[in-house]
Amino acid sequence: MAFLAQSSWILGVFVMLGLMTSTLLFVIDSFRRSRNEREIHELETQRMRIAVQKAREKHEQSISKSLSWSGNRKFEVVRREIESPDEQICSFYLEAHDHRPIPGFEPGQFLTFELKVPGETSTVTRCYSLSDASDEKLYRVSIKRVPAPRDFPEAAPGVSSNFFHDNVDVGHILDVRAPSGKFFLDTTSDRPIVLIGGGVGITPVLSMLNTVTAMGGNREVWFFYGTIDSNSHAMREHLETVKASHSNVKVVVCYSRPLETDQEGVDYDVNGRVSVELFKQMLPSNNYQFLMCGPPPMMETVIEDLENWGVPDADILRESFGPASGRKAPVMQVNENAEGPEITFKRAGKTVNWDPAFESIVKFAEANGCDIPYACLAGNCGTCLTTLIDGKVSYGDNQPDYDAEEGTFLACSCVPDGAIYIDV
Ligand SMILES: Cc1cc2nc3c(=O)[nH]c(=O)nc-3n(C[C@H](O)[C@H](O)[C@H](O)COP(=O)(O)OP(=O)(O)OC[C@H]3O[C@@H](n4cnc5c(N)ncnc54)[C@H](O)[C@@H]3O)c2cc1C
Ligand code: FES
């Protein structure tokens, strides 16, 4: 009897323990489930917020793009700022003269200026990259003074850049074409990026850097800037502020020929040029999008080495500032005996035979006294856009960035593919 009572008491204890355990498990499970649900909800909310933010940005961009203009618009210089100790780079801040809103732009795009330079017989057209993030009221360009080439010191210094430095002050009114260009950063992506600026080629990538930091978020950015020494070091204070205040941004400054007084770790980070060897040492992998602008030798080397490192071509985006020197090289002589296909200049009423010694139709037209206006000579700006009435042209390896509409062509970047009839 006593044994039975003891057994049922023990059984009761087990039942109680079982009940308590399953209640406890139920409570833990409910807690875990509600925590998971909360986390999922938070993630969903975050995802929604990002989607809404992206949609808003797209919307704002489309609205601000609708503010774009065609042809020239007057802008007033409202501020000038020297950006390097050697005073060779100067920023110009521009406000629309009509004080109406201005369109936003993609970081990396440029403005085209049509300048009336005293002493020049025709309008001087030049492109300058926007060097800051998009702003509702202001555009900024940063311009390097271009001297005569080292191997031709008696040549006249650069027309437009020296005009800006010497003559364009606060209050000056300039004719400007709307932002354009296909070299820009995809701001809707979170993809890690490497921005590379050599010399004044810092301008478009600085616009990208400033856009990413202005947008907030944690997009990983490596910013490599190559210059000669502390004298030519542009935007130094700004870059140091960005570096100190954004943990997602790494700024690496390379001096190719530091002064004796320049200190590694203080004035600059690396003694040498920006190179893929450096990327291999500093980046955890090659899985980045690389966006670069700089002098042609630097770009050629870096692009080739990136390709050899296995970076896909689609991840290497570049801007070229066009031929920096030799733009005004003496016009080539026309070869009267050339036997290439016929080129007929409609408005000039002239038909001549193409000479393959010319690199482009623009230069051939110039040599024949049928000027086609040009600026970048690199297929970027569209200044040399010409109507093709009949025939075909070939761009060969010079595929331009600028989209030439059907029936037009960029005379700076192509040669005739058979006889052509053009509206010049
Ligand atoms: C898309 C794009 C964006 C750009 N962005 C920027 C930017 O952000 N900042 C910037 O500073 N630049 C930028 N540039 C470059 C800029 O457009 C100009 O090319 C640059 O300022 C030089 O123009 P310039 O009129 O001063 O020189 P030019 O008058 O065109 O002269 C160019 C060179 O030719 C030399 N020269 C003159 N006569 C002769 C001769 N007879 N024979 C041989 N050489 C001669 C000059 O001394 C000079 O060295 C950009 C270019 C492009 C295409
Ligand atoms: S001159 Fe700029 S595209 Fe031809």
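In the predicted model, strands β15 (residues 385–390) and β19 (residues 420–422) are paired in the antiparallel sense, over 2 bridges. L388 has I422 of β19 as its bridge partner, and D390 stands opposite Y421 of β19. Strand β15 is also joined to β17, by 3 bridges, and these two strands likewise run antiparallel. In this pairing the partner of T387 is T408 of β17. Strands of a sheet pair through backbone hydrogen bonds, in either a parallel or an antiparallel arrangement.

These pairings belong to an open sheet of 5 strands, ordered β14-β13-β19-β15-β17, in which the pairing is mixed. The edges of the sheet are formed by β14 (350–353) and β17 (408–410), each of which pairs on one side only. On average, and with direction ignored, neighbouring strands of the sheet are turned by 35° against each other.

Among the helices, α2 (residues 159–167) is largely enclosed by the rest of the structure, because 7 of its 9 residues are buried. The buried residues are V159, S160, S161, N162, F163, F164 and H165. The elements that cover them include the strands β1 (72–82), β2 (89–96) and β3 (110–115). Strands β4 (124–129), β5 (138–144) and β6 (173–180) are also included in this cover.

A helix–helix contact is found between α3 (residues 202–215) and α4 (residues 236–245), whose axes come within 12 Å and cross at roughly 35°. The crossing of α3 and α4 is left-handed. On the α3 side the contact is made by I202, L206, L209, N210 and T213, and on the α4 side by H238, L239 and V242. By class, this contact has 5 nonpolar residues, 3 polar residues and no charged residues. An α-helix has 3.6 residues a turn, so residues three or four places apart point the same way. The contact residues of α3 include I202, L206 and L209, and those of α4 include H238 and V242.

Most residues other than glycine have a negative phi. M235, although not a glycine, has a positive phi of about 55°. M235 lies in the loop between β8 (221–227) and α4. With a relative accessibility of 5%, M235 counts as buried, the cut-off for this class being under 20%. H99 is likewise not a glycine and has a positive phi, of about 60°. H99 is found in the loop between β2 and β3. At 59% relative accessibility H99 counts as exposed, the cut-off for that class being over 50%.

Key
Residues are numbered from 1 along each chain as its sequence is written. Chains are lettered from A and ligands numbered from 1 in the order in which they are written. This is a predicted model: local features need pLDDT of at least 70, side-chain atom pairs count only at pLDDT 80 or more; totals for chains, interfaces and linings use all residues. Side-chain values use heavy atoms; hydrogens and water are left out. Axes are lines fitted to C-alpha atoms, for helices over the stretch in contact, and angles run from 0 to 180 degrees between N-to-C directions. Helices (H or I, at least four residues) and strands (E, at least two) are DSSP runs, numbered from the N terminus. A crossing is left-handed if the near helix is turned anticlockwise from the far one by less than a right angle, and right-handed if clockwise. Contact means heavy atoms within 4.5 Å. Ala, Val, Leu, Ile, Met, Phe, Trp, Tyr, Cys and Pro count as nonpolar, Asp, Glu, Lys and Arg as charged, and the others, Gly among them, as polar. Two strands pair if DSSP finds at least two bridges between them. Buried means under 20% relative accessible area, exposed over 50%, partly exposed in between (1.4 Å probe, protein chains only).
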